Amino acid sequence: MAISSSTIKGAVSAFALVTGTLPSVAWAADEAIDEIPVDEIITIGTRRKARSAADHTAPIDVIGGSELSQQGDTDIANLLRTAVPSYNVNTQAISDAATLVRPANLRGLSPDSTLVLVNGKRRHRAAVISFLGGGISDGAHGPDVAVIPAIALKSVEVLRDGAASQYGSDAIAGVINFNLRDEAEGLIVEGQWGETYKGDGGHYKVSANLGLPVAIGNGGFLNISGEYSETDATIRSVQRDDASVLIATGNTAIEDPAQIWGQPNVNDNYALFANTVIPFSDAVELYAHGNYAERQVEGGFFFRNPTNRGGVFSNDGGATLLVGDLTADGSGNCPAIVVTDNIPDPAALAAVIADPNCFAFNELFPGGFTPRFGGNLEDRSIVVGSRGVLPVGNGLSYDISYSYGRNKSDFFINNTINASLGPNTPTSFAPGGYRQTDNNFNFDLAYGVPVDLFASDLNIAAGFEVRKETFTIEAGEAASFVIGPLAAPSTAFPAGQGFSSSSNGFGGFTTASAGVNSQRNYAVYLDLEADVTDRLILQGALRYEDFYNTFGGTTNFKVGGLYKLSDSARLRSTYSTGFHAPTAGQANVSNITTAFSGAILVDQGTIPLTSNAGQFIADFIEDNGGTRPELGPEKSRSFTIGLGLNLMKIDVTLDYFRITVENRISISDQQDFVAALRQTATNNNVGFSDTDATSQLLNLLDGAGVLNAADFAGAEDLTSFGFFNNAFDTRTHGLDLVASSYLNLTEDGETNISLALNWTDTKVTSGTLSDGSGTLSFTRERQIEDSLPAWRGNIAITHAHGPWRGLARLNYFGSFFECHLDSVGSDAIGSCDLPINAGSEITADMEIGYQITENFELVVGASNIFDSTPDTNPFAGTAGAQFPVVAPNGFNGGSYYVRVRADF
């Protein structure tokens, strides 16, 4: 079928809007489809063949591989942040497992509300769940895109529209499709080195891409990409106030800084991708792609003050040190060590050190300690399939495929202790790990039915999908979770010594919490699309999906249309419903980490809502007049409307979107387990002491026949915990403006200028403490609404002249809110104790490339060339963070890099 000149121009315009590059295209009205540059053809959002972004009913960004390579970063998530203003990802300095796999947000929604595809096939999830996600990403469970090397990519397509009726669960905010390179020849080798202006954060990478022909079939290819990189940590810390006080008192064992804020170390980062297609005929084409990747990530944790860290150094806020009796019969008669003006009584401490029957952790860590947390990550996948056009009528297209993906994370934590083991504690632990395995089977059909009244065939697509997700918790080594002889439980002897159990900072997964949980679903869909007239395109989709072993079924639909007002103006709009089901991991995971509650460092847990402890709290909430927490799918409604214009040499698109999400899935605010147990004891006339710990309260209630303490295994050390539930509703709306122009500034040079601007506003509409409609704290409410900047944008200019090329780009990051350290206060609505209202930031990037020979190019560049940083943290002394830690552009400041590229 011939393509009109207006269609070609529209496709090129759409490409130029997002890449800043205008490919060379002849404007012949009957240009054959095979001659259209392949970067202009979209593969997502439609089941029709050879469609351009300009002819789609929803906005689609197409980012070419060259644009991704014209940046100094080595992480694909950061590259996308620059290219797509509605895509947000930031540095995760001390964020538990989120430091290992960083959560990213599209259009202001949770990371797992965006579906990720590779070559049009669903990408498996990462094993990591973001327990500490800055409020908006708390509990997110999405894919790990960091395993995809930029050199492996032909293009990236970003569908900014709800698409659950087309692709299934998760496609609420949109869809990101990574298209792998498909050259059958050529070798590209790149080497890059850089570091920050501060002299830290050094990084290097070596990557290569090789295209090979395949002898069998009719002209197939095998394309292989590989990358190895390492990135050093950065330090953007000031000395903590409490550490400064200890230094002033003469404690020479305190590190400076005592706590490190900055990007983590990323070591031994290997990534390998392969993509192959072998055509045998129009009816049979075999294809496959797969990957293997691994890396080690290590970052810091919070400082443990040697005078007041609970469960280790003191249990009374620093009035006295915690001293353990190591005798078998409790006859140690250990002296009390009083702390005066942050100085332990020297004589009493010396007596404890000299007595083999007594022990205080100040002997091992006189300056306190700061754990180092990290993980060894591995990712692998394989997709195999066959597609073609069968000689049935006008041609019946089919695509049948199977995909397997597995991601695992084995955690480690060093420079810490299991305090309940006393002097016999190790200082390095393997607390276990997570595994995520996905299996997908897809069968898709498409057929064009001639309709006399239409300007094109009616494309009818249908198919089904079967998917199984499995989430596994691997138990840690015994020392990482064992309750040692100095622990608090009254069942241990000596009773109630008060030392915390488990590896401090990240408790190991017990054998009771370890296990395998699976979730299965199937789906069927119907998709219709046609050019009703030369000016009007209509699209509709219907999908039924059934999570038959967990959450039941759901039906979703989408309708969309595009109307060509003229050759230079197009109006488009869509309306759709969608859903996101809880993952097997979210429904069953258990985790203990260390975080701030108010300004106090405490152990916090996440447990399944279906567990005995979870149901105990659910009963408690309901019995006290609250709404019983539940966990099920979240549901969405999405509306978009946009206008595309070609104004002489300027191409412009403006799109409005509105997304409402009901019953959003997230980790609840921390529930006060101790307070609930005390209230239960009071209600049942069971006596207790105000100093009784969780385990002691459980034993007292067990003895009175109120509950069975054994049913709460794994929760006996927790003072509070959260769980995944459907807690609140949101409304998100915004605007995306994209413009570009091709300029002839010199006779034989090429200049492109592009602008991308996004405004996004989110409002929590129900489920909050502030309006009495739910239990979501005011802190979480503000984090969800304001932790991402409402305004994001960039303007870029590229110029090429002879062997030289250059890039200059300005980036704008709007103001944002941070509740520093997630410090939820104790007032009735859970206000933030350490609020930061940070201002906007403008950064600039520059890059210059010189083609030394036909095959070699040298590139030098700088990201954030003027070394801009976020506003200074007004609470920097509390935990040592120099800048707000959720800053949308990070807080490392400027960096520079050198890159060499060889192309054969």
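Residue numbers start from 1 along each chain as its sequence is written, and side-chain values use heavy atoms, with hydrogens and water left out. Because the model is predicted, local features need pLDDT of at least 70 and side-chain atom pairs count only at pLDDT 80 or more, while totals for chains, interfaces and linings use all residues.

The largest nonpolar core has 44 residues. A nonpolar core here is a set of buried Ala, Val, Leu, Ile, Met, Phe, Trp, Tyr and Cys residues joined through side-chain atoms within 4.5 Å. Buried stands for under 20% relative accessible area, exposed for over 50%, and partly exposed for the range in between, using a 1.4 Å probe and protein chains only. The members that touch the most others are W261, F373, F411, Y434, F471, F506 and V589. At least two core residues come from each of strand 19 (372–390), strand 20 (396–414), strand 21 (428–449), strand 22 (458–474), strand 30 (650–667) and strand 38 (835–838). Helices (H or I, at least four residues) and strands (E, at least two) are DSSP runs numbered from the N terminus. In soluble globular proteins, nonpolar side chains tend to be buried together.

F373 can be followed in more detail. Leaving aside residues up to four places away in sequence, F373 touches D96, A97, L100, V297, E298, G299, F301, F411, F412, I413 and F506; contact means heavy atoms within 4.5 Å. F373 also belongs to one aromatic cluster with F301, F411, Y434, F471, F506 and F509.

The model has 31 aromatic pairs. Rings of Phe, Tyr and Trp (its six-membered ring) pair if their centres lie within 6.5 Å; planes under 30 degrees apart count as stacked, over 60 as edge-to-face and the rest as tilted. One of the pairs is F361 with F499, a tilted arrangement with 6.0 Å centre to centre and 55° between the planes. F361 is in the loop between strand 18 (358–359) and strand 19, F499 is in the loop between strand 22 and strand 23, and the two are 138 residues apart. F361 has a relative accessible area of 0% and is therefore buried. F499 is buried as well, with a value of 1%.

Two arginines are placed over rings. R107 lies over the face of F657, 4.6 Å from the ring centre, and R47 lies over the face of Y167 at 5.5 Å. The rule asks for NZ of Lys or CZ of Arg within 6 Å of the ring centre and within 35 degrees of the ring normal.

Salt bridges number 43, each being a side-chain nitrogen of Lys or Arg within 4 Å of a carboxyl oxygen of Asp or Glu. In one of them, the closest N and O atoms of D144 and R295 are 2.9 Å apart. D144 lies in the loop between strand 7 (121–122) and strand 8 (153–159) and R295 in strand 14 (residues 285–300), so this pair ties together parts 151 residues apart in sequence. D144 is buried at 6% relative accessibility, and R295 is buried at 9%.

E183 and R181 form another salt bridge, with closest N and O atoms 3.0 Å apart. E183 is partly exposed at 30%, whereas R181 is buried at 14%. K205 and E227 meet at 4.0 Å, N to O. Since K205 lies in strand 11 (residues 203–214) and E227 in strand 12, the pair ties together parts 22 residues apart in sequence. K205 is buried at 8% and E227 at 11%. Through shared partners, salt bridges also join R122, R125, D170, E465, R467, E469, R543 and E545 into one network.

K205 leads on to the serine S229, whose contacts beyond four places in sequence are Y204, K205, D268 and N269. S229 sits in strand 12 (residues 220–231) and is buried, at 3%.

S518 is in strand 23 (residues 515–531) and is partly exposed, at 25%. By the sequence exclusion already given, S518 touches K468, E469, T470, N549 and A584. S518 and T583 are 65 residues apart in sequence, with C-alpha atoms 8.9 Å apart in space.
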